[in-house]
Amino acid sequence: MTGAQCACGALRLTFSESPQLTALCHCLACQRRTGAPFSANAFYASDCVDISGPSTEFVRTAESGRSVHMHFCPTCGSTVFWRADAAPSLIGVAVGAFADPAFASPSLSVFEQTKHGWVTLDETMEHVQGLPGG
């Protein structure tokens, strides 16, 4: 199975299982984190992820009011993974950190209330204005 890494390769993740979910997020925090109009995210069970290399943690408050612990490379600044207090058994990983054009397509698009109007997405995925179930 392929791994994920930062731009300089110092922070790496390897996985023993496939992601449980691949999703797009259009929230303003993800737009700021990525510098793009949305983020592409893969979510894995925490116990199937091996993390190597240094990371610096930045904690932000999510729209839910709970904390999200973002981990980025202290050398190149790439945000590679995060843990959300709202889902402690999962690790979110930036799909771009895989640098794999064949990575699993997203099945869900969230926070579409702040989606850029010019972004068009496949109608086969689930579209949610905020958080799923929220």
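How much space lies in the largest pocket? The largest pocket holds about 690 Å³. The model is predicted, with pLDDT of at least 70 needed for local features and 80 or more for side-chain atom pairs, while totals for chains, interfaces and linings use all residues. Residues are numbered from 1 along each chain as its sequence is written, and side-chain values use heavy atoms, without hydrogens and water.

**View 1. Lining of the largest pocket.** A pocket is an open set of points on a 1 Å grid over the protein atoms alone, where a 1.4 Å probe fits, with protein on both sides within 12 Å along at least five of seven lines; lining residues have an atom within 4 Å of a point. Its volume is the space filled by probe spheres set on the points, which are joined across faces, edges and corners. Of the 32 lining residues, Phe 43, Trp 82, Ala 84, Phe 111 and Leu 131 lie nearest the centre.

**View 2. Surroundings of Tyr 44 in the largest nonpolar core.** Such a core joins buried (under 20% relative accessible area, 1.4 Å probe, protein chains only) Ala, Val, Leu, Ile, Met, Phe, Trp, Tyr and Cys residues through side-chain atoms within 4.5 Å. This core has 24 residues, and Leu 13, Phe 15, Tyr 44 and Val 93 have the most contacts inside it. Leaving out residues up to four places away in sequence, Tyr 44 touches (heavy atoms within 4.5 Å) residues including Phe 15, Val 49, Ile 91 and Phe 103.

**View 3. Lining of the second largest pocket.** This pocket holds about 200 Å³. Among its 16 lining residues, Arg 33, Thr 34, Ala 94, Gly 96 and Ala 97 lie nearest the centre.

How values were computed:
Buried means under 20% relative accessible area, exposed over 50%, partly exposed in between (1.4 Å probe, protein chains only).
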